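I opened my notebook to record what I looked up in this structure. The entries follow.

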Amino acid sequence: MEDTRYIDELCRNAKNASRSIATMLTVKKNELLNSIAGELRRECDYIIAENGKDVENAEKNGLSPAFIDRLLLNKQRIEGMARSVEEIAIFDDPVGRIEHMKMRPSGIRVGQMRVPIGVIAVIFESRPNVTTDIAALCLKSGNACILRGGKESINSNIALHSILSKSLHNAGVDVSAVSMITRTEHELVSKLLKMNQYIDIVIPRGGETLISMVTRESTIPVIKHDKGVCHTFIDASADCEIAERVSINAKVQRPAVCNAMETLLIHSAYPKKESLLRALVEKGVELRGCERTLRILPGEIRPASEDDWSAEYGDLILSVKIVDSIDEAMKHITRYGSGHSEAIITSEYANSERFLKEVDSAAVFVNASTRFHDGGEFGLGAEVGISTQKLHARGTMGIEGLTCLKYVIYGSGQIRS
């Protein structure tokens, strides 16, 4: 009963706050966001100290280096968080914008107004920078949010939430506009997912287990930000220098994130297969390949299992398959991909156009790294996440993705005959 009261009060307060944040003037939103960025910089040492507790606990518990990298906050990353909030302040405010206005034969004018969704609950795992990104995006789009981070980052999240609350209070804004579940009991998530009288949308960001649990238990509409089994296909005509540079970036630059490449598909006629794979091995990547791949670097590649083709490693591990055509590559992506991000490296215009049109994923790239699938890189500021479903929003979700449309009608006394 105590757990239910705790969640019910938190959600009710967020719902009340959503009504005032929905009508906040753009200039006030921007002042608030710039204030948050300033507080992040001023409280940098405090944030790092609290994050250090989480990192120390993660190391004691034997969590992977990739996990700890996602968890870690330092001065550079906190500065990046502050800049991200400032960028969101600069972006146009979509709330209240009227679109698709047209005159009907009856004389009424019909259009659609972009409005906030209301209360958004976001359940995420280890990356504490998500806390400020989501809070800023929700505030700019006129939404209240309820945040539930992973227990591994609890100290970091509480510290960041205290800074957000201070900025809200100083601006005269209801602090419940950004709420956080500061307790770590799993049961609280189950109760949160039943609060459909207060919460309008739930967005889970994390691994497959989290996504499945939220989708299964929620009575609230869910926008899934599912796992990223991202592919890069090296076509026979690929420029060898581009193929190597893009493949290394897609796998190595930050392997723990969802837009990192997990499977490399190489056309059998591509002439530099050995040098491409050798370059990846030299960067510390463990390769798991099909039988044809194993023959390229004998003794240096592990055989891939069936599970490897659909694995999101989040680490310096890569599945590699040799294919005989673009059709075989796209068939593999259709079977094993998660609908997140796919890339083709090619010099053939016809193949690039086929890949763009026929691959059914949230983002499809030609001669560029899948690592670009990101709100900041797409010019959206930060992101709530990358949606791998097709309803309401698909791909990276920024400010506009956190709004919806309602019809507005202007008349001058018309009645329907």
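I checked the crossing of helix 3 and helix 7 and found it left-handed (the near helix is turned anticlockwise from the far one by less than a right angle; clockwise would be right-handed). Helices here are DSSP runs of H or I with at least four residues, strands are E runs of at least two, and both are numbered from the N terminus. This is a predicted model, where local features need pLDDT of at least 70, side-chain atom pairs count only at pLDDT 80 or more, and totals for chains, interfaces and linings use all residues. Residues are numbered from 1 along each chain as its sequence is written, and side-chain values use heavy atoms, without hydrogens and water.

I looked up the packing next. Helix 3 (residues 44-60) and helix 7 (residues 154-170) meet at about 160°, with axes 7 Å apart (axes are lines fitted to C-alpha atoms, for helices over the stretch in contact; angles run from 0 to 180 degrees between N-to-C directions). That makes the two helices roughly antiparallel (over 145 degrees).

I then turned to serine 361. It sits in the loop between helix 14 (349-358) and strand 13 (363-366). Is serine 361 buried or exposed? Serine 361 is buried, because its relative accessible area is 9% (buried means under 20%, exposed over 50%, partly exposed in between, with a 1.4 Å probe and protein chains only). Leaving out residues up to four places away in sequence, serine 361 touches Gly339, His340, Ser341, Glu342 and Arg394 (contact means heavy atoms within 4.5 Å).

Terms used. Angles under 35 degrees count as roughly parallel, over 145 as roughly antiparallel, 65 to 115 as roughly perpendicular and the rest as oblique.
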